[in-house]
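Subject: Structure for your files

Hello,

Here is the structure for you to look at. My notes on what turned up in it follow below.

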Amino acid sequence: MKNTHRIILPGILFLLVLFSENLPPAIAAGDPLPPASTPSPPGQQTDPPFPAIHFAGKWLGGVKSGALIPVEGIDSRLTASSQDLPVNATLFYGLSDHFLLGMALDWFSFATNAPSGNTGSVVTIPLTPAGNIGSFSTIALTPSIEYRFTPLGQWSPYLTAGVGLNLNMYTPSSCPQGASSCKVSPQDALGGRIGGGSDWFITPRVALSMEIAYLFDATTLTTRTSTAGGSTTGYGVVNANTICLLFGVNFKTP
């Protein structure tokens with residue numbers, strides 16, 4: 001047993017000395033162990049953080065489409081229904097990372113319907129007995145300003161507002177009974193646009209965009225109806241304020 005102790009103790013001391021000589025200097029001197037690093041799984045790399053989104057000195061342009069909701073009818077006897085998808089195009093320049101100045105172009109069109117039981121005409125639109133009587137269309141050119149909130153990762157929420165010009169058109173689908181011709185001429189008028197939305201940048205230069213906008217469009221119009229007995233001229237007011245739900249893509253210069 002004594003001989004066994006004489007063999008084991010020197011062996012343990014030899015192993016301790018050998019182990020300490022193979023450790024890094026900081027560990028051999030008794031310093032705390034450094035934190036262990038977790039190796040990445042084979043074939044997997046850590047994604048770099050998404051680059052910061054900046055707008056100062058950059059151009060931002062895009063196109064969108066979606067759905068429109070007419071807020072008001074043409075008058076108390078007519079109703080408006082969605083007919084075509086709205087189209088929106090924008091181009092902005094970044095005055096800073098928060099304020100952008102530019103132009104918004106919107107086009108929308110909706111059908112006007114007369115309720116059953118109507119005959120003849122009113123001062124605003126010639127009416128057939130019932131059903132679709134034509135379509136009202138607007139091209140809105142709106143100088144606008146955008147306020148961009150501080151981006152949340154790849155998201156860039158914003159508010160927008162502007163005042164511009166509405167180019168209005170009306171196309172009757174039919175004329176009143178007994179009329180040889182009819183024409184409806186809405187006036188171009190001052191318009192406005194307010195809205196808000198958000199861009200989600202899938203790359204530093206390309207973003208998927210969503211927006212809800214309220215377009216102000218109130219104007220006067222003139223109707224001219226020709227019959228065998230002569231022509232009749234009428235005047236009226238159009239309230240074509242519209243909500244647009246828009247989805248599309250934006251492109252930003254580097």
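S109 is buried, at a relative accessible area of 2%; buried means under 20%, exposed over 50% and partly exposed in between, with a 1.4 Å probe and protein chains only. This is a predicted model, where local features need pLDDT of at least 70 and side-chain atom pairs count only at pLDDT 80 or more, while totals for chains, interfaces and linings use all residues. Residues are numbered from 1 along each chain as its sequence is written, and side-chain values use heavy atoms, with hydrogens and water left out.

S109 sits in strand β4, which covers residues 99-114. Strands here are DSSP runs of E with at least two residues, numbered from the N terminus. A polar atom of the S109 side chain lies 3.5 Å from the backbone oxygen of F136.

D106 is in strand β4 too, and its relative accessibility of 2% makes D106 buried. Which side chains make polar contacts with the side chain of D106? One is N88, at 3.0 Å, and another is R193, at 2.7 Å. A polar contact is a pair of N or O atoms within 3.5 Å; within protein, one must be able to donate a hydrogen and the other to accept it, and residues adjacent in sequence count only if both atoms are side-chain atoms.

Leaving aside residues up to four places away in sequence, D106 touches V87, N88, T138, I139, A140, R193, L215 and L246, where contact means heavy atoms within 4.5 Å. Of these, I139 is 33 residues from D106 in sequence, yet the C-alpha atoms of the two are 5.7 Å apart.

**Aromatic pairs**

Rings of Phe, Tyr and Trp (its six-membered ring) pair if their centres lie within 6.5 Å; planes under 30 degrees apart count as stacked, over 60 as edge-to-face and the rest as tilted. The count by this rule is eight aromatic pairs. W59 and Y93 have ring centres 5.0 Å apart and planes at 55°, so this pair is tilted. The pair links distant parts of the chain, with W59 in strand β1 (residues 59-70) and Y93 in strand β3 (residues 87-94), 34 residues apart. W59 is partly exposed at 42% relative accessible area, and Y93 is partly exposed at 32%.

The rings of F110 and F136 are also tilted, because their planes are at 35°, with centres 5.8 Å apart. F110 belongs to strand β4 and F136 to strand β5 (residues 131-148), 26 residues apart, so to speak of distant parts of the chain. Both F110 and F136 are buried. Separately, F99, Y147 and F149 make up one aromatic cluster.

**Nonpolar surface patch**

A nonpolar patch on the surface is formed by I69, L152, W155, W200, I202, L208, M210, I212, L245 and F247, with about 930 Å² of accessible area together. Strands β9 (206-216) and β12 (242-252) each supply at least two of its residues, and β9 gives the most, with three. L245 lies in β12.

Regards

Note on methods:
Helices (H or I, at least four residues) and strands (E, at least two) are DSSP runs, numbered from the N terminus. Patches are made of residues with over 30% relative accessible area and no salt bridge: like charges are joined within 9 Å, nonpolar side chains (Val, Leu, Ile, Met, Phe, Trp, Tyr) within 5 Å. Accessible areas come from the Shrake-Rupley method with a 1.4 Å probe; for residues, only the protein chains shown count as cover. A salt bridge is a side-chain nitrogen of Lys or Arg within 4 Å of a carboxyl oxygen of Asp or Glu.
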